Amino acid sequence: MGKITAIDYILLPFYLWLIYTIVIYYRNKLYPENHPYRAYFIPGLTVKIFGAIFIGLIYNYYYDGGDTFNFFYHSQVINSTFFEAPDTWFRLITHTADHSNAVDQTAISNMYWYDDTSAYPVCCLGALIGMFCFTTYLVINVIVASITFIGMWLMFIIFAGQYPKLLKPIAIAILFLPGPIVWGSGLFKDSFCMFAIGCLIYNFYILLEKRKFKVGLVLLSLISLALIMVIKAYILAAFIPALVLKMILAYKKKADEQPQKRLAFYLILAVVISLGIVLAKQLAAYFTEATIANLLQTIKRQKDYLLQLSIDTQGSAYDLGDFDSNLGSMLTKFWPAVNVTLFRPYLWEVRNVIELLDALQSAAFAFLTIYLVFKRNILKTIKMIYQDPNMILCLFFTLLLAFLVGVSTYNFGSLSRYKIPCTPFYALFLLLLLFKDTPETAKKTESIADTGLNIQADL
């Protein structure tokens with residue numbers, strides 16, 4: 001169990017035909033000829049599907065296993081109970097297994113991730129998808145890629161609608177980066193997190209900035225928040241503050257442009273601050289000093305363990321230097337952690353083909369960053385960033401998540417997966433700085449934006 005078989009290759013062409021038949025239908029319906037987004041729709045999906053198949057083959061034939069096959073193995077165990085005991089299957093999917101039931105207990109004994117609160121939901125998602133494709137790995141991967149593409153596409157059309165002159169740079173940043181294509185397409189935690197992030201970007205923009213209430217979008221937001229919270233809650237610790245800051249700055253920008261809205265802005269700001277204070281007090285009550293100390297100690301122990309494990313197994317380890325299990329000491333590693341997340345592995349640190357792809361992406365980031373630092377007027381650059389809430393969102397989220405990931409991973413292989421939620425945002429930040437000549441370039445083209453947004457109109 002848990003590997004690619006001949007059945008995968010037999011079923012894969014049929015499911016690819018089915019997926020593309022559906023996708024082409026919706027492409028033609030939503031984006032007719034000459035629509036500016038049409039040219040990116042099929043290629044964006046295709047690279048996701050290619051990434052899902054590619055990483056599956058690499059793990060199967062090069063690494064001979066890995067996390068993605070561990071998720072798949074658990075999905076197989078869950079679905080193997082469906083015909084024998086559908087009630088057991090339902091309890092396994094809902095994590096309510098009855099230990100006194102022989103079938104339940106047998107299944108649980110075969111699943112070492114059953115009590116892993118972040119890994120097991122991914123196994124269940126794989127099992128649910130597997131019910132529609134005979135639980136075959138490559139087909140599950142392709143379906144995951146197709147579903148998660150929706151989130152990235154929604155993120156694309158939100159930014160494309162706000163920067164209609166920069167469609168190609170935005171498409172490169174969101175749809176065509178190597179890291180998210182490879183690590184954010186198959187049966188991984190990160191794929192579902194990327195889907196949720198894209199949906200949240202879209203939903204918050206429509207619901208809060210455009211102020212178009214849709215029940216479907218509210219439900220999708222709740223599902224997306226739940227997905228990230230269950231799978232990788234630390235992403236929300238970086239994403240939600242960045243998103244709230246962006247919303248505040250977006251409303252402030254509108255208030256500055258329309259004086260009659262200033263009072264409403266300051267009233268909303270007062271409400272947000274009040275809610276923030278209440279939430280902070282609640283979090284302070286929940287996260288006691290001892291709890292925070294335990295969290296910092298856990299990060300310190302994880303750092304020491306992962307670093308030693310990588311060294312012992314001759315893995316691709318990196319070391320930021322030692323730090324104590326307190327916040328002040330950990331923050332001294334802020335910039336080294338950000339550097340390793342965004343700009344490493346360096347090309348001379350590459351040990352295999354997968355790391356080479358990541359290193360090339362990191363080298364491109366480093367080159368563009370250095371170019372912009374030395375070729376652009378620093379004061380004008382700061383002004384441009386300050387005047388654009390989207391750029392602040394991208395930069396703030398990137399720095400926070402890059403620090404959290406970089407300071408706790410210590411292995412380039414794991415780092416390449418963990419960092420993908422922030423890489424499209426950093427790429428978008430760099431490309432906006434590079435190609436956005438003036439703040440006025442960001443002026444919305446409502447007809448284009450609204451047409452693109454119709455992809456979610458029926459939710």
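Visitor: What volume does the second largest cavity have?

Guide: The second largest cavity comes to about 40 Å³. A cavity here is a set of points, on a 1 Å grid over the protein atoms alone, where a 1.4 Å probe fits but cannot get out. Its volume is the space filled by probe spheres set on the points, with grid points joined across faces, edges and corners. Bear in mind that this is a predicted model, where local features need pLDDT of at least 70 and side-chain atom pairs count only at pLDDT 80 or more, while totals for chains, interfaces and linings use all residues. Residues are numbered from 1 along each chain as its sequence is written, and side-chain values use heavy atoms, with hydrogens and water left out.

Visitor: Which residues line the second largest cavity?

Guide: Pro178, Gly179, Val182, Trp183, Ile354, Leu357 and Asp358 do, where a lining residue has an atom within 4 Å of a point. Helix 9 and helix 16 (353–375) are the elements that each give two or more residues, and helix 9 gives the most, with 4. Helices are DSSP runs of H or I with at least four residues, strands are E runs with at least two, and both are numbered from the N terminus.

Visitor: How many of those lining residues are nonpolar, polar and charged?

Guide: The lining of the second largest cavity has 5 nonpolar, 1 polar and 1 charged. Ala, Val, Leu, Ile, Met, Phe, Trp, Tyr, Cys and Pro count as nonpolar, Asp, Glu, Lys and Arg as charged, and the others, Gly among them, as polar.

Visitor: And the largest cavity, what lines that?

Guide: Lys48, Phe149, Met152, Ile174, Leu175, Pro180, Ile181 and Met194 line the largest cavity, which has a volume of about 60 Å³. Helix 7 (137–162), helix 8 (167–175) and helix 9 (178–183) each supply at least two residues of that lining. By class, the lining has 7 nonpolar, no polar and 1 charged residues. A search of the whole structure finds 3 cavities of 30 Å³ or more.

Visitor: Switching to packing: which residues have the most contacts inside the largest nonpolar core?

Guide: Trp153, Phe156 and Phe397, in a core of 140 residues. Helix 7 provides the largest share of this core, 18 residues. A nonpolar core is a set of buried Ala, Val, Leu, Ile, Met, Phe, Trp, Tyr and Cys residues joined through side-chain atoms within 4.5 Å. Buried means under 20% relative accessible area, exposed over 50% and partly exposed in between, using a 1.4 Å probe and protein chains only.

Visitor: What does Phe156 touch?

Guide: Leaving out residues up to four places away in sequence, Phe156 touches Tyr37, Tyr40, Leu167, Ile170, Ala171, Ile174 and Leu175. Contact means heavy atoms within 4.5 Å.

Visitor: Why would you call helix 6 largely enclosed?

Guide: Because 8 of its 11 residues are buried. They are Tyr120, Val122, Cys123, Cys124, Gly126, Ala127, Ile129 and Gly130. These buried residues pack against helix 3 (67–79), helix 4 (86–93), helix 7, helix 10 (189–209) and helix 11.

Visitor: Is Leu243 buried or exposed?

Guide: Leu243 is buried, at 3% relative accessible area, and sits in helix 11 (residues 215–257). Beyond its neighbours within four places in sequence, Leu243 is in contact with Leu200, Ile201, Phe204 and Leu393. Leu243 and Ile201 are 42 residues apart in sequence but 8.1 Å apart in space, C-alpha to C-alpha.

Visitor: What about phi of Asn34 and Tyr410?

Guide: Asn34 has phi near 75 degrees, and Tyr410 has a positive phi of about 65 degrees although it is not a glycine. Asn34 is exposed at 76%, in the loop between helix 1 (6–30) and helix 2 (38–62). Tyr410 is buried at 0%, in the loop between helix 18 (389–406) and helix 19 (412–418).

Visitor: Last one: how many helices and strands are there?

Guide: The chain has 21 helices and 0 strands. Of its 459 residues, 52% count as buried.

Definitions and conventions
1 Å grid on protein atoms, 1.4 Å probe; cavity = no way out; pocket = protein on both sides within 12 Å on 5 of 7 lines; lining within 4 Å.
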